Amino acid sequence: MEKINRTVSWDLVPDLPFFRYSCISCHSEGREQGPPGPLRASRPHSRWRLRLPTWYSADWMRVGGLPGDTCESVGQVRGVCTWIVHRVDRMETAPKPGRDIPPKKDKLPTKKKRPRRYWEEETTPTAAAASPGPPPNKKRNRELRPQKPKNTHTAKKSRVSRKPQIVQKPRERRDAEPPRSLSGAQDPFPGPAPVSMEVAQKFRRIDKSKKLPHSKSKTRSRLEVAEAEEEEISVKAARSELLLTEEPGFLEGEDGEDTAKIRQADIVEAVDIASAAKHFDLNLRQFGPYRLNYSQTGRHLAFGGRRGHVAALDWVTKKLMCEINVMEAVRDIRFLHSEALLAVAQNRWLHIYDNQGIELHCIRRCDRVTRLEFLPFHFLLATSSETGFLTYLDVSVGKIVAALNARAGRLDVMTQNPYNAVIHLGHSNGTVSLWSPAMKEPLAKILCHRGGVRAVAVDSTGTYMATSGLDHQLKIFDLRGTFQPLSARTLPQGAGHLAFSQRGLLAAGMGDVVNIWAGQGKASPPSLEKPYLTHRLSGPVHGLQFCPFEDVLGVGHSGGITSMLVPGAAEPNFDGLESNPYRSRKQRQEWEVKALLEKVPAELICLDPRALAEVDVISLEQAKKERIERLGYDPESKAPFQPKPKLKGRSSTASLVKRKRKVMDEEHRDKVRQSLEQQPQKQEKAVKPTGARPSALDRFVR
């Protein structure tokens, strides 16, 4: 092989009849043309590679220019280029890289066909079939064809054919094989998934039993197309019903298997990786026992230890937001309206922290706080203290709305009703009292246990209340006006902590064991006959709460924090405008502004929120009577005067108002005149009662 370096121009290369070039950097193809054609491209390039056909005697050529030259400048503007040409005798015998490598064993060596040169004429069909050449170029064939003279006219064929056109249907193979994938595997279940007609009928809106009306053919065809589309849509909706998460998925034992015997390790092994990551244990024995709280969106978790350890984190991604030690006993912890603010009930006072662990406020009017509850729609933080006071703090303005004395001693059992924002307090005499900041006395008192109340929980619908006491009784009460117990169960060890899930599951912490009871659904009370799940912890339970929108139960105990998987516990469908777990910082700020504008006043908290929309009939009638006495007549006894329309512009709005006012004034004068005439008669009747004896002094009365 010979290597030649020389400088040539486009005119000096007449033996290049045809070539194709491409850019080295971006591999964009140029147009096919022989020199001396310009190198044209859609955008400038620095270097070009000249690709020759396989039938040319050179292996490859490279066209180079000066630094900074573009593709258009190389060969077109300067006109001179440097070519490096590798010449070989014949392309068939020229060695190529990798040619001496022996062929693989699995592939047999095939004899390469001899390429046909462009100057060679076509041989016999057998020879052409033996060594076919490259595909003929359309431009070249167009030049070789004999051109017709321009002046000759040929008769045009009519566009409409005389013979009727018959649409030929494609022939179907008898032995048609099912389609295979790229890997060659065959689908074991070919075709669409089968759908039962009963499920599809649920999504169908057109009744096919009714016949189509006799109408025009065009209208009838449209109705038939609409029916076909509706049937197809109903089948698709029925097929995708499996993906809907409207119904909760509970654990079901096989052949009467008790689900309470299923361990958390078995559940973690059976679920997917994302769900298995939601089960974890935080071993924090140094600062326990712990109280915990989830944010409204269910994305963030805050926990505080009795010995001063306070931390907040995104428990889904395990990203720590803040971690501090307040060097003081922590009795309870709560998120405020967002995960950016955190309320911590410490040994002496109430402290407010942000998500970076910086102390923002220290509220000394709330001292010796034992339990915290936050009302999200009212922006109220309710605190119960050792001194027996229930305090409501408005976090939007930093003002204490009400401080109520329960007169029941130490308050360490408190929860809220999410339905009506009423606070439930458990007392040592076995009663549960219901409180509102608008009333200084409890709204109701319920006698629940013979001993002191240890824990209280209310479900998300505000229908059922679960209580546990020192008498080892677990009871469920109906809060719809009757306050009567629906079911009760005696536990071997009294429950110290209770929690309801969004779907109505009830969790109870008894020592180091957590029992969970399930019901028939969201609106039904949990059945206390048989536990749904059971889990044993490494220490006594100190706090329970179900995570919103996640099948997770958070348990705080003396050994740290445990996240349990409870299938079917949470509401799977969340409102993105109300509680969005995936909202950004900007979305959280916008939601906070809207929530502040829609804040519900504390005076509207009552047992029945529907009573706020009702009309007070007694007060309305009393106000009407007072108005009649003040005016001297009933203004609503007669229909208002409606003037008749007049012509010539005398029915303008101003003239109509003047006529109405004139008639009203006249009626008012008449009624006042009548009332003045009736007043002396009323006075005479009042002075001289009927049936009184006449007196001699009556002649002096005028």
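User: Is Cys 362 buried, exposed or partly exposed, and how is that class assigned?

Analyst: Classes rest on relative accessible area, where buried means under 20%, exposed over 50% and partly exposed in between, with a 1.4 Å probe and protein chains only; Cys 362, with a relative accessible area of 31%, is therefore partly exposed. Cys 448, in turn, counts as buried because its relative accessibility is 3%. This is a predicted model, in which local features need pLDDT of at least 70 and side-chain atom pairs count only at pLDDT 80 or more, while totals for chains, interfaces and linings use all residues. Residues are numbered from 1 along each chain as its sequence is written, and side-chain values use heavy atoms, with hydrogens and water left out.

User: How many disulfides does the structure hold?

Analyst: A disulfide is a covalent bond between the sulfur atoms of two cysteines. With the criterion of a pair of cysteine sulfur atoms within 2.5 Å, the structure holds 0 disulfides.

User: What surrounds His 351?

Analyst: Strands (E, at least two residues) and helices (H or I, at least four) are DSSP runs numbered from the N terminus, and His 351 is found in strand E13, residues 349–354. His 351 counts as buried because its relative accessibility is 8%. Contact means heavy atoms within 4.5 Å; not counting residues up to four places away in sequence, His 351 touches Leu 342, Ala 343, Val 344, Gln 346, Glu 359, His 361 and Cys 362.

User: Which helix do the buried residues of H5 pack against?

Analyst: Glu 227, Glu 230, Ser 234 and Ala 238 are buried in H5, and the buried residues of H5 pack against helix H4 (197–202).
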